[in-house]
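Student: I would like to understand how the words used for a structure are tied to numbers. Could we go through them slowly?

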Amino acid sequence: MKRWRTSWYALPLLFGSLFFVVPLAAIIQRALWPDGQLMLDQALAVLRTRATWSVVWFSAWQAALSTLLTVLAALPAAYIFARYRVPGKTWLRALAAVPFVLPTVVVALAFGALFNQRGLLNRWLMDWLSLSSPPLRLENSLTLILLAHVFYNYTVVLRIVGGYWSSADLRLEEAARVLGASRWRVWREITLPLAAPALLAAALLVFTFTFAAFGTVLILGGPGYRTVEVEIYEQAVNLFNLPTAAVLSLLQMATTLTLTVVYTRLQRRAAVPQTTRPQPERRVHSWPLRLAVLGVCASLVLLIVVPLAALVIGALGGPDGWTLRYFELLRVNQRGVFAFVPPERAMLNSLRFAGLTTLLALLCGVPAAYLLARPRSWLTRLLDPLFMLPLGTSAVTLGFGYIIAFHAYELPLGLRVPDLRRSAWLLPVAHTLLALPFVIRTMLPALRRLDPQLRAAAAVLGAPPLRVWREIDLPLLLPALIVSAMFAFTVSLGDFGAALILAVTGPDNATMPVVIYQFLGRPGAVNYGQALAMSTLLMLVTLVSFAVIERLRGPGAEF
Amino acid sequence: MNHTRRFGAFLLLVVLLGLLAACGETATPTASPAPATAAPAATASSGASQPFAGKTLVLVSHDSFAISDSVLQAFTAQTGAQVQVVSAGDAGAALNKSILAKGAPLGDVQFGIDNTFLSRALEADIFTPYAPKNLDQVPAELKLDAQNRLVPIDFGYVNINYDKAALAQAGLTPPQDLRDLTKPEWQGKLVVENPATSSPGLAFLLATIDHFGEDGDYTWRDFWRDLRANGVKVTAGWEDAYYNEFAGGGAGGAAPLVVSYATSPAAAVIFSETPLDDAPTGNLLLSGGVFRQIEFAGILQGTQQPELAQAWMDFMLSDTFQSDIGGQMFVYPVLPSASVPAEFTKYASVPSTTNNLDPQRIAAQRDAWIDAWTDIVVR
């Protein structure tokens, strides 16, 4: 059994070394040790600049604020969806995940259509209050950045914490209630503390994600706001100042690492082995509860469904009323361009990359989570934060690393490593790197909660290791596994950054976000309409995929 | 066990999708955009021998490269070679990648280096000199590298577009002078892109730097200080400026003026919802507000098939390719004999003078200018 497990552990380690450590080392070496000479002066100069630290400071506090707001916004929904029967909640939960796949420019268009001076909200307010000028001036503001971050990350908290709660053992809470504790006290002293590991994991993911924010800050915040990632992009791409870009990337990674180390400490303290059992959903029986459910659903609709609806309305609205014209036009290669991608091709490309990413991410992520859940040792202490790093690593920097590291190599004995840089396989590989932190963070709390005595008992009773895994681990981990799969799937479906930084694509590998960008690169009402139509299709694909995955999970095992 | 079965079904689905991916891979081993179906036509039409039959030319480009399928097939018919296009990010990222890949290039030819990046490309020494066949017909003012490591392929103008309806509604007539934009009636009416993150944004800034100059009693800094005081709106990229802020673009914008391209009004006609008699937008060709962007291509050092790369360079300056550029990329061909779409002549007015800066000066000052601009307009 030992050896069987150990060989699985090699998978994530090999994958991470090959596709993360090697290219990263390559670009940092090129940037800071050109010609074998360490450019320490330049590195120190960057660290001594006040502007650097003000950018780091802004990245950190906007990320902290985004995390706090996301948790506050999504926690009630996570709890209520986990415990109560709410009609349509499967769809609401799937809808909440849709923002995660939308390219930033599209989200900016959605927010623009809502909040801009001539946007729906302002026009409506002007009509309603009979004002002569638009009352809301939200464009280019911190408010928009934060709103977008909540919009994007709502699903992270909803899924991870909700999934954890749905399989928590209710008997503790029931006992407390019987002993006379108020409902609020039970929630505060039992429900919330027991979910702390999942909550911490979700918060860490949201923080890391928003700390490295690029598109939301650049496009929605306007030129007044700069995160480390924005600065790196400018240094690396526009100024081609690799040493500065490398130092900033290292700084960004160091922040992620520090934070993960702190998190790991808290997490270890918070994790308690618990019995888990899928809970039957409870009925919403009282008026205060009904109001709470209504409030949760209303906030979800306002925060998430309304911006999405703005896009769909744009895609369906022509000059003379509702139309499917833009959807029909998607299928026509109007100008005979070679790079034309029919919508079904784009969808299929997106789906196969997402499927491949899910497979790779589970194959690597689940063994990695098992490895990290082992009793504390120097190895797990070292690896735990490292597996979080891809999410806090500058995409441009890593992309440049791929260009340096993956050209063809001549090996002794006439062996040859082929040029990987233009291979379409790099796309799911890069997506897997981004998905791994999500998979691991989702799996770990569930794994740590597994009561080891269950496995021991099964083993004592003579079950071989595989059977123990199948009959003890698998059923208890299934909710977390499915949440992991959904994350991996969505990360890939919505990614545009990796498609941009790698040198692949070409029409044969163009995904839906890539096609959306192609339309938005040109002026004209038809291009705008087609971009929105393609975005609508992307949302539909996401929703249907989620409905299929949720169906597989079957009834009764809600999370 | 129920759980196992469901998880099994789920894994099966994932594996199937994975296999689908694998099949897609093997079905089209090189992502060749020009399918082999053109082969019969190819052999019939050319008659001459196809010196590069079975080979593939790899063209590295920024992601805005577009050309007609038929044009790529014409190249295949002439030479026998297929063309594979690698999109390597925006113009800056694509160039940087090729610089990093020096010695082991990502392809045979690179397209899409503009005059703001020209110096960086030449200094990095990644291109091989080659003078394509029709280069002698290209106007001398477009050729910026005497050694022909990079040769011009197309050019375009960055300038302000105005939305006719929005101006009429506000009771305004198009301004006659760039400095009019600092007057009260134009307050909050102009959208520009951030030169730090957008190539039209940088182009427009460069035009104003050339026009107002760095010294004197009214420098480019003064102009931008006044623009800021007059509520100029800055976006990260062209997409956001045009579709989100410009009244003539998408849904929510209100600004009647935006920094865009001289061909945008023609594109607005070509890509309109209903056939239009007139362009909904127009060009403001103000002195000091127009920058000519020239795009270059060159053969990457270290290519394993230099003759094929030369054939492609010849092809890029051929009438076939040059006459297709306008309708696909909304820029002008450098070959004077090449044609452009009829809408260009009708709706895309062309400036008589432009502001052009020496690429070396751009390379030397880019960083400082962008910093200064950021201090003036943003901070």
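Tutor: We begin with the word domain, whose bounds come from an automatic or database domain assignment. For chain B that assignment gives domain 1 (13–17 + 23–155 + 294–333) and domain 2 (157–292 + 352–377), and their C-alpha centres lie 31 Å apart. This is a predicted model, in which local features need pLDDT of at least 70 and side-chain atom pairs count only at pLDDT 80 or more, while totals for chains, interfaces and linings use all residues. Residues are numbered from 1 along each chain as its sequence is written, and chains are lettered from A and ligands numbered from 1 in the order in which they are written.

Student: What makes up the contact between domain 1 and domain 2 of chain B?

Tutor: Two residues are in contact if their C-beta atoms, placed from the backbone, lie within 7 Å; here twelve residues of domain 1 of chain B and eleven residues of domain 2 of chain B take part. On the side of domain 1 that touches domain 2, the largest share, three residues, comes from helix H5 (residues 118–123) of chain B, where a helix is a DSSP run (H or I) of at least four residues, numbered from the N terminus.

Student: Which residues is Thr357(A) in contact with, leaving aside its neighbours within four places in sequence?

Tutor: Among them are Pro428(A), His431(A), Thr432(A) and Val491(A). Thr357(A) and Thr432(A) are 75 residues apart in sequence, yet their C-alpha atoms are 5.3 Å apart in space.

Student: What makes a nonpolar core, and which residues have the most contacts inside the largest one?

Tutor: Such a core is a set of buried Ala, Val, Leu, Ile, Met, Phe, Trp, Tyr and Cys residues joined through C-beta atoms within 7 Å. The largest has 302 residues, and those with the most contacts inside it are Ala78(A), Val157(A), Val161(A) and Ala202(A). Helix H7 (residues 142–166) of chain A gives the most to this core, with 16 residues. Ala202(A), for its part, is in contact with residues including Val157(A) and Val161(A).

Key:
Helices (H or I, at least four residues) and strands (E, at least two) are DSSP runs, numbered from the N terminus. A residue is buried if 20 or more other C-beta atoms lie within 10 Å of its own, exposed if 12 or fewer, and partly exposed in between; C-beta atoms are placed from the backbone.
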